[in-house]
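Me: I have a structure open and some questions about it. Can we go through them one at a time?

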Amino acid sequence: MISEKWPDEKLIRLFKAGATREAAFAAIIRKYQERLYWHLRRMLYIHEDADDVLQNTFIKVWKNLDNFREDARLYTWLYRIATNEALTHIKKEKKHLNGSIDNEELGLANRLRADEYFDGDEAAIKLQEAIAQLPEKQKLVFNMRYFQELKYDELSEILETSVGALKASYHHAVKKIEQYLKNT
Amino acid sequence: MTTDKKKRNEELKRTAPRLAALLQRQNPFRIPDGYFEENLKKLPLLTAESPTPDFADGRKPFRLPEDYFENPDERILSRIKDSEESRESALPEGYFESLPHKIINRIHEEEKAVEVRKGAGRIRMIRSRTIRALAAAAVLAGLVLSYGILTRQSSEEKVIAGLNSVSTAELESYLTDQLDHLNEEELNTVIDPDESLMPDYEKELINEDELQDFILEDMDITTIEDIL
């Protein structure tokens, strides 16, 4: 049985081999699905949305892993696909709702209160609103740095931004969130 | 908690205490029970998007009909025939009957459109912003140039008129005054000291012998005696 504990290079080789394609793919899913799910959940807030986008992400991985050149790390590649899929989803939602799903007055708060998989109190909702009001890139940097505990060089690979710019982004994000919490 | 996260939390407590306090609390997002295990069961649905060349146990998923490679010509020809028939039947009913009428109508419409274009007003509003801006700039440049030429001409005329109004006496007096201020050096820049302004009369003077010859040439003896 192919284990998710095996190194990424071996899993990729087994995937490309053909005979072990599905088994290797299953191992990749087991290895990364939780991290990717929480990354998506922090961006999209609602479980159903995160679930949809996670499925789309793995479909894309299945279709494109043959072409993965291994000049980047597998998990940064997976994160990049997941991030792009989430951003696409957000754009679609914005068009559909004809407004921002993040900064619409009380929109996010109402959605969180209505979500059966959100157990936070008003303070937790306020924190989510504070993060949601950040520009998209700052939100990504903050979530991935703080909650996903990704290193700056990993973030740099995923977001294709310099380490310096990412550090500045994180710093600004923290200040803006703190300011929002102070003012509300 | 990793060392890195500890450091980040400590820094947050210093720079953003409210945020740090909220982040310490439990994750408010929950997931359905068994969600991640269920995901793996969905794997065949995910991989159905793109077919696999082989099953995991090595079986090939593709099968061929019996006698597939026998009599390929017949199969191909019958397929061509089928596609031609289906192409014919894909035409709408009465297509060829109505076609001339459609073509004539279209010709009339196009002719009308040409007439409208011809009869359109000669004055066409320039809608392009760029063209309007360029035209305005050209007019402005012309105006500025004209003004410059006119003012130059008028200033030259003024100078000439001014000079004409000055009398000769005033001019002489002015020049004399200026000469007093001129030193030899300045004068020498104008006049070559080796060259005199005055003509060299000495060179042109006739000597006594020449004069005598001239006088005696046309005079007879009686005239000379009268003088003496």
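Predicted model: local features only at pLDDT ≥ 70, side-chain atom pairs only at ≥ 80, totals over all residues.

Me: ok, so at what angle do the axes of α7(A) and α9(A) cross?

Reply: They cross at roughly 90° and come within 9 Å. Helix α7 covers residues 136-147 of chain A. Angles of 65 to 115 degrees count as roughly perpendicular, so α7(A) and α9(A) are roughly perpendicular to each other.

Me: which residues of the two make the contact?

Reply: From α7(A) they are Lys137(A), Gln138(A), Val141(A), Phe142(A) and Arg145(A). α9(A) supplies Leu166(A), Ser169(A), Tyr170(A), His172(A) and Ala173(A).

Me: and by class?

Reply: The contact of α7(A) with α9(A) has five nonpolar residues, three polar and two charged.

Me: switching topic. what's the mean pLDDT of chain A?

Reply: The mean is 90, and 95% of the residues of chain A reach 70 or more.

Me: which elements of chain A have the lowest and highest mean?

Reply: Helix α5 of chain A, residues 107-114, has the lowest at 87. The highest is 95, for helix α9 of chain A, residues 163-183.

Me: now the contact between the chains. how many residues from each?

Reply: Chain A gives 33 residues and chain B gives 29.

Me: which element gives the most on the chain B side?

Reply: α1(B), with five residues. The elements of chain B that give two or more are α1 (3-15), α2 (17-23), α3 (35-41) and α4 (43-47).

Me: how does that side divide by class?

Reply: On the side of chain B that touches chain A, 14 residues are nonpolar, eight charged and seven polar.

Conventions
Residues numbered from 1 in each chain as written. Chains lettered and ligands numbered in written order. pLDDT = per-residue confidence, 0-100. Helix = DSSP H or I, 4+ residues; strand = E, 2+ residues; numbered from the N terminus. Contact = placed C-beta atoms within 7 Å. Nonpolar A, V, L, I, M, F, W, Y, C, P; charged D, E, K, R; others polar. Axes fitted to C-alpha atoms, helices over the stretch in contact; angles between N-to-C directions. Parallel < 35°, antiparallel > 145°, perpendicular 65-115°, else oblique.
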